[in-house]
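Q: Could you give me a close look at one part of this model, beginning with a loop residue and then moving to a strand and its sheet? I'd like the cut-offs spelled out as you go.

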Amino acid sequence: MSWFAPPADVESRVFARLPDTFRKPRPTEWGAANKPGAAIDSFLEGPCLAPDGTLYVTDIPYGRIFAVDGAGRWSLVHEYDGWPNGMKVRTDGSLLVADYRRGLLRIDPESGTIHPVCTTVNSESFKGLNDLALLADGSVLFTDQGQTGLHDPSGRLYRLWPDERLDRLIGNAASPNGVAVNLEGTHAFLALTRAGQIWRVPLAPAALAAKTQLFAQLPGGLSGPDGLVVDPLGRLIVCDPGHGAAWVLSRLGEPLFRIRSCAGRTLTNAVLRPDGRTLLMTDSESGQILEAVLPG
């Protein structure tokens with residue numbers, strides 16, 4: 001049973017494909033834990049756009065960061081010993097990366113220089129960072145997912161302030177993954193992959209997360225919600241690698257549209273072009289970037 005009418009379908013197309021020269025499938029430590037038995041050639045996530053239109057994406061198992069230009073041409077920006085996942089472009093042009101192995105990092109795309117930003121909490125290692133969001137006040141939200149799930153709902157949502165104060169807003173999440181902030185900057189949306197949920201978390205200057213609530217419950221399946229994006233109309237785009245789609249939810253959490261993948265099933269993350277309507281999505285397992293135009 002559903003409380004809402006079926007969402008309207010929106011088609012997608014392939015914008016760019018990771019060239020074969022960068023594809024060398026082989027067993028990896030990341031693959032053994034997350035894709036057992038598969039010799040994968042890449043797993044793309046973390047799409048983000050620079051002011052000049054360059055699209056940056058991460059390749060988790062091989063510690064690579066790629067740049068894709070407007071014509072769909074790929075270049076390797078940097079390769080290092082890490083598992084880069086979520087990523088955002090900072091105002092100074094550097095890349096802020098949520099690295100599963102190494103914590104929160106800042107990487108200079110020109111030189112490849114890596115600067116640790118936050119690598120431990122109270123001297124303890126993180127479970128494994130996943131995604132991040134930049135706030136207008138200069139603070140950073142990031143998720144600490146690790147291998148948590150319904151069996152172990154101990155995933156975390158942190159907020160790092162410009163003065164290096166670190167707040168733990170959530171500590172009981174089953175696989176916290178994507179995170180995004182509403183247009184007003186008053187609430188964060190948090191994707192819980194293994195619970196199939198989106199939480200709405202109030203943001204306050206103090207390290208308090210009162211009245212956190214369930215914003216949306218996705219249908220069960222092979223996976224759950226991953227990357228999140230808020231569009232200029234305040235709608236929430238939810239990438240769902242379990243169903244090969246991205247859902248567009250209204251400000252009230254109502255499903256409006258279903259963006260269907262024209263390629264693989266694993267739509268993990270997305271970013272909006274400056275027009276506010278054109279969505280670029282990573283289809284992680286096939287190593288492709290898909291494009292779709294959102295209805296107004």
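A: Happy to! Buried means under 20% relative accessible area, exposed means over 50%, and partly exposed covers what falls in between, with a 1.4 Å probe and protein chains only. This is a predicted model, where local features need pLDDT of at least 70, side-chain atom pairs count only at pLDDT 80 or more, and totals for chains, interfaces and linings use all residues. Residues are numbered from 1 along each chain as its sequence is written, and side-chain values use heavy atoms, with hydrogens and water left out.

Let's begin with the loop. Because its relative accessibility is 48%, aspartate 92 counts as partly exposed. Aspartate 92 sits between strand S7 (84-89) and strand S8 (95-99); strands (E, at least two residues) are DSSP runs, numbered from the N terminus. Its side chain makes polar contacts with the side chains of serine 94, at 2.6 Å, and arginine 90, at 3.1 Å. A polar contact is a pair of N or O atoms within 3.5 Å; within protein, one must be able to donate a hydrogen and the other to accept it, and residues adjacent in sequence count only if both atoms are side-chain atoms. Aspartate 108 is 16 residues away along the chain, with 9.5 Å between the two C-alpha atoms.

Now for the strand. S4 belongs to an open, antiparallel sheet of four strands in the order S3-S4-S5-S6. S3 (44-49) and S6 (74-79) are the edge strands, each with a single partner, so one side of each has no neighbour in the sheet. On average, neighbouring strands here are turned by 25 degrees against each other, direction ignored; the axes are lines fitted to C-alpha atoms, and angles run from 0 to 180 degrees between N-to-C directions.

Two strands pair if DSSP finds at least two bridges between them. S4 (residues 55-59) and S5 (residues 64-68) are joined by five bridges, with valine 57 partnered by phenylalanine 66 and aspartate 59 by arginine 64. Their hairpin has four residues between the strands, and glycine 63 in the turn has a positive phi of about 60 degrees. S3 and S4 pair over four bridges, and glutamate 45 stands opposite threonine 58. This hairpin has five residues between its strands, with glycine 53 at a positive phi of about 95 degrees.

Finally, five of the five residues of S4 are buried, so the strand is largely enclosed by the rest of the structure. In a regular strand, side chains alternate between the two faces of the sheet. In S4, Leu55, Val57 and Asp59 are buried on one side, and Tyr56 and Thr58 on the other.
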